[in-house]
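Subject: Structure for you to look at

Hello,

Here is the structure I said I would pass on.

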Amino acid sequence: MAAPSAAPSRRQTTDHVPGEVGIWVFVLGDMTVFGLLFAAYIVYRAQSFELYVHSQATLDRTYGLINTLLLLTSSCFVALGVGRARQAQNRSAARLFALALCCGVGFSLVKCLEYSAKLNAGITLNSNEFYAFYYMLTGLHFLHVIIGMLVLAFLIGRTRRGFSAEADLSVLESGATYWHMVDLLWIVIFPLLYLMH
Amino acid sequence: MNLGQRYPATIVWLILVSLTMTSWWLGTEREVQASGPQMAVTMGVIILAFIKVRLILFQFMEVRSAPRLLRGICDGWVIGMCVLLLTLIGSLQGR
């Protein structure tokens, strides 16, 4: 499982699992659960098509786009940060993780704006079937984002203290893998809820 | 330099943002031109989404240089999920 210290060949068959195997079991499982929710959404949507399309039109796509860009940028920062950490550039890595965390905070702010606008308009989880899916999918995802921000904060702390062993880098990679999953899930949720018509 | 990536993170980010803007354009601008549901738009944004998902998995998450089993599982998930959703959309959405 140790990464080779020599520069990788063009083929880059390092056979390196980024992070602990356990995180991948969790990530793939979580992705599958969400996948089933996505499928359920499409099935129910087909049964009440007019209702869904009509309700979807009330969603703020600009908020959704901003959130997508924020998460993509945060993933970029995390990927860069892991690279720096591998080169023992710990301060630089910590700074990049902090930037990713800022993106997460931005996402949360936009989410709160979006939710409060809906709630002020009287739209709740019980308003109709579409909104039930909307709140459930985005809410579940938001929970993942919050946990992800705690993970990033943990990574910042660990990176600052430095890495003494291969195992530390594995923890770092595990945290990064979780955050990328949070991004990945939103990449599907956004077009599903906000864009397709 | 990252072990598992073919492209630098910033290049991957540029590609992802471009795909996002394309999807955004499809999902918003196209709506103005025709009223009613548009199957092509729906399928288009879903396919674009899964292209992005695969990019994130194989580049950012470094599955590209992971053991063959993990690579296979991830590709299987991306293709399987995409096909499942497109099939459901195509077969259930009558209009």
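**What was found**

A:Glu173 counts as buried, at 6% relative accessibility; buried means under 20% relative accessible area, exposed over 50%, and partly exposed in between (1.4 Å probe, protein chains only).

Some ground rules come next. This is a predicted model, in which local features need pLDDT of at least 70 and side-chain atom pairs count only at pLDDT 80 or more, while totals for chains, interfaces and linings use all residues. Residues are numbered from 1 along each chain as its sequence is written, chains are lettered from A and ligands numbered from 1 in the order in which they are written, and side-chain values use heavy atoms, with hydrogens and water left out.

Chain A as a whole

Chain A has six helices and zero strands; helices (H or I, at least four residues) and strands (E, at least two) are DSSP runs, numbered from the N terminus. Its C-alpha trace spans about 60 × 30 × 25 Å along the principal axes. Chain A has 197 residues, and 55% of them count as buried.

Between the chains

How many residues of chain A are in contact with chain B? There are 53, and they meet 52 residues of chain B, where contact means heavy atoms within 4.5 Å. About 4,500 Å² is buried between chain A and chain B, and carbon and sulfur atoms give 73% of that area. Buried area here is the accessible area (1.4 Å probe) that two parts lose on being put together, summed over both.

One salt bridge is counted between chain A and chain B; the term means a side-chain nitrogen of Lys or Arg within 4 Å of a carboxyl oxygen of Asp or Glu. B:Glu62 and A:Arg86 form a salt bridge, their closest N and O atoms being 2.9 Å apart. B:Glu62 sits in the loop between helix H2 (39-60) and helix H3 (68-92) of chain B. B:Glu62 is buried, because its relative accessibility is 5%. Its phi is positive, about 60°, although B:Glu62 is not a glycine.

Salt bridges within the chains

Over all chains, the whole structure holds five salt bridges. A:Glu173 and A:Arg86 meet in one of 2.7 Å, N to O. This pair links distant parts of the chain, with A:Glu173 in helix H6 (residues 166-195) and A:Arg86 in helix H3 of chain A, 87 residues apart. A:Arg86, A:Glu173 and B:Glu62 are linked in a network of salt bridges.

A:Arg158 and A:Asp168 also form a salt bridge, with 2.6 Å between the closest N and O atoms. A:Arg158 lies in helix H5 (residues 129-161) and A:Asp168 in helix H6 of chain A, so the pair ties together parts that are ten residues apart in sequence. A:Asp168 is buried, with a relative accessible area of 14%.

In chain B, the side chains of B:Asp75 and B:Arg54 meet in a salt bridge (2.7 Å, N to O). B:Asp75 is partly exposed at 22% relative accessible area, and B:Arg54 is partly exposed at 34%.

A loop residue

Is A:Ala88 buried or exposed? A:Ala88 counts as exposed, because its relative accessibility is 58%. A:Ala88 lies in the loop between helix H3 (61-86) and helix H4 (90-120) of chain A.

Regards
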